[in-house]
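Open the structure in your viewer and keep the selection tool ready. We will go stop by stop.

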Amino acid sequence: MDNLEFALELIRRAQHERKRLDAYKAEISKFYASGSRSWEERIKIERKYSPTPRKAIVNDSLKMARRILSEEYV
């Protein structure tokens, strides 16, 4: 795997994580909008998205891809 393929894989990982993060946020918002405060329901959502998606993973993947691409093509 060369650096270009590695950078593309990091970008794909960031895209996938972003989709998971958006879906997680939508489901949590729907949970709070329903007025339900059941811990069992909240834990189901947490388990469904385990590990919990984080914006930091998206940013770190994109930052690393940017560094690899700059080293490769400069």
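Start by selecting glutamate 27 and lysine 48, which form a salt bridge with their closest N and O atoms 3.3 Å apart. This pair links distant parts of the chain: glutamate 27 sits in helix H1, lysine 48 sits in helix H2, and 21 residues separate them. Keep in mind that this is a predicted model.

Lysine 48, at 55%, counts as exposed.

A search of the whole structure finds five salt bridges. Side chains of opposite charge can pair when their charged atoms come close.

Select arginine 20 and glutamate 17. Their closest N and O atoms are 3.3 Å apart, and the two form a salt bridge. Both lie in helix H1, three residues apart, or about one turn of the helix. Arginine 20 is buried, and glutamate 17 is buried too.

Now select arginine 12 and glutamate 9. They form another salt bridge, with 3.4 Å between the closest N and O atoms. About one helical turn separates them, because they are three residues apart in helix H1. Arginine 12 is partly exposed, with a relative accessible area of 47%. Glutamate 9 is partly exposed as well, at 41%.

**Along helix H1**

Select all of H1, residues 3-33. How many residues does H1 have, and how far does it reach? It has 31 residues and reaches 45 Å from its first C-alpha to its last, close to the 45 Å expected at 1.5 Å a residue.

Next, colour the buried residues of H1, among them Ala7, Leu10, Ala14 and Leu21. What covers the buried residues of H1 includes helix H2 (39-48) and helix H3 (55-73). Just after H1, find glycine 35, which takes a positive phi of about 85°.

**The nonpolar core**

Select Tyr24, Ile28, Phe31, Ile45 and Tyr49: these five residues make up the largest nonpolar core. H1 gives the largest share of this core, three residues. In soluble globular proteins, nonpolar side chains tend to be buried together.

Zoom in on phenylalanine 31. Leaving out residues up to four places away in sequence, phenylalanine 31 touches Ser36, Arg37, Ser38, Glu41, Arg42 and Ile45.

**Last stop: the surface**

Select Met1, Phe6 and Met64, which make a nonpolar surface patch of about 340 Å². Methionine 1 is in the segment before helix H1. Methionine 1 counts as exposed because its relative accessibility is 74%.

Methods:
Residues numbered from 1 in each chain as written. Predicted model: local features only at pLDDT ≥ 70, side-chain atom pairs only at ≥ 80, totals over all residues. Heavy atoms only, no water. Patch = residues over 30% accessible without salt bridge, like charges linked within 9 Å, V, L, I, M, F, W, Y side chains within 5 Å. Areas by Shrake-Rupley, 256 points an atom, 1.4 Å probe, with all protein chains shown as cover. Salt bridge = Lys/Arg side-chain N within 4 Å of Asp/Glu carboxyl O. Helix = DSSP H or I, 4+ residues; strand = E, 2+ residues; numbered from the N terminus. Buried < 20%, exposed > 50% of the residue type's maximum accessible area, 1.4 Å probe, protein only. Core = buried A, V, L, I, M, F, W, Y, C linked by side-chain atoms within 4.5 Å. Contact = heavy atoms within 4.5 Å. Expected span 1.5 Å × (residues − 1).
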